[in-house]
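User: I would like to learn how to read the packing features of a protein model, one feature at a time. Could we start with the interior and then turn to the rings?

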Amino acid sequence: MATHAEGSGWAGAWCAAAATHAEGSGWLGAWCAAALLVSGFVRPLGAAEVPPVELNFEKRTLTERFFSEGAHLGDLNRDGHVDVVSGPFWYAGPDFQQRHEYFPAQPFDPKGYSNAFLIFVHDFNADGWSDILVVGWPGKEAFWYENPQAKAGHWKQHLAFPVVDNESPVLADLTGDSRPELVFHTGGRLGYAAPDPQRPGQPWTFTPVSDKGPWKRYTHGLGVGDVNGDGRSDILMREGWWEQPASDDAPAPWKHHPADFGEGGAQMLVLDVDGDGDRDVVTSLQAHGYGLAWFENVTDGASSLTFRRHLIVGGKTEDNPFGVKFSQIHALALCDIDRDGLLDVVTGKRYWAHGPGGDVEPDAPAVLYWFRLVHHTDGRELEFIPYLVDDDSGVGTQVTAGDVNGDGRPDILVGNKKGAFVFLQQEQPPELISR
């Protein structure tokens, strides 16, 4: 049974496995087209042999300077090619060799932080041109930049919202109106904000959905998805999920369903992992420690959903059947990387999250992985099989997967303290990708 994402966020929707949503001067100085990387299959420790899927990725370095911890994509100049955005620059597709500055650029010391935690692309004023939303720093403003419709110069800045808390805000169509909302918390209340279609240049209106909670600017873990399968997207945090009511007129707060999804990680992904028809959850357990897990929905006729945790990656090599261990899992995305009909998980290590000495294993390789979801037909339990894409980039506070060059194969984008990178999936012989 194919695995489907449920409201996994605007970035996740750029996966080639699902419907795509958005929903220059010459510049060669920092351009690098690296040699082909083999997406390394990690051999299991004492586990049954699983045939590897040999996917190659070409690493392209957009910059080696630290501008942003996020990256996204969209056709910004309406030339039919997908462009890449990271920090203050957008890079024109299909070759990404032309770099355009849309707000004043400032490189940052990797020991510190940037002014761009997350980047999203969408046409916020419905003028037919994709704009850019920048969530700059937890507890500070989010701004959107209006596309000047092919005119040169910096883009006009608009305040989206003055105080956006949480380290993983989500841009997703939460309300089902075919327009994305920014989901976050502010002043201790969970909710969402969206522009007024009649006045898109004005600050966005925040709609609270919870009572006041203990959440602060640096709270970790947030997600959007249809947890209970009623056709409406819900909101998740580490302590449970908030059920969207059937009626738009229903008063807040939304009903809170307690659950233990870890200590607070990053993006929380909702999908049917095991193919049994209900919704499960995948997330990191501790953004500045160790842990990646999927939470199986084991509800059986109960009025409240129950989840059972399955560890994918822990703090010891023996926690993973393939011996994989890494810390700082601060960004996740869903995408059917191998195009087998099952959604895979893209994640990695956020290098120097709190500088060179602030977290466990800060100088360990900045790895980037995709975890292939496999449903075995011989009675064995499902697996998330790790494939190493790169060991000198990792993730930031965001990772984006989607087809950036129009070849039908999903690619991976990251921006972080190592720079900004595009990993282009290469064409494979049919016998290597068919199962």
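**Reading the packing**

Analyst: The largest nonpolar core has 44 residues, and those with the most contacts inside it are Val282, Leu368, Phe371, Phe384 and Val399. Here a nonpolar core is a set of buried Ala, Val, Leu, Ile, Met, Phe, Trp, Tyr and Cys residues joined through side-chain atoms within 4.5 Å, where buried means under 20% relative accessible area, exposed over 50% and partly exposed in between, with a 1.4 Å probe and protein chains only. Strand E26 (residues 368–374) gives the most to this core, with six residues; strands (E, at least two residues) are DSSP runs numbered from the N terminus, as are helices (H or I, at least four). A second, separate core of 18 residues includes Phe120, Val135, Trp137 and Ala193. In soluble globular proteins, nonpolar side chains tend to be buried together.

This is a predicted model, in which local features need pLDDT of at least 70 and side-chain atom pairs count only at pLDDT 80 or more, while totals for chains, interfaces and linings use all residues. Residues are numbered from 1 along each chain as its sequence is written, and side-chain values use heavy atoms, with hydrogens and water left out.

User: Where is asparagine 125 found, and which residues does it touch?

Analyst: Asparagine 125 is found in the loop between strand E9 (118–122) and strand E10 (131–135), and at 17% relative accessibility it counts as buried. Leaving aside residues up to four places away in sequence, asparagine 125 touches Asp131, Trp144, Glu146 and Pro200, contact meaning heavy atoms within 4.5 Å.

User: Which residue has its charged end over the ring of phenylalanine 89?

Analyst: That residue is arginine 99, its charged end 3.9 Å from the ring centre; a charge sits over a ring if NZ of Lys or CZ of Arg is within 6 Å of the ring centre and within 35 degrees of the ring normal.
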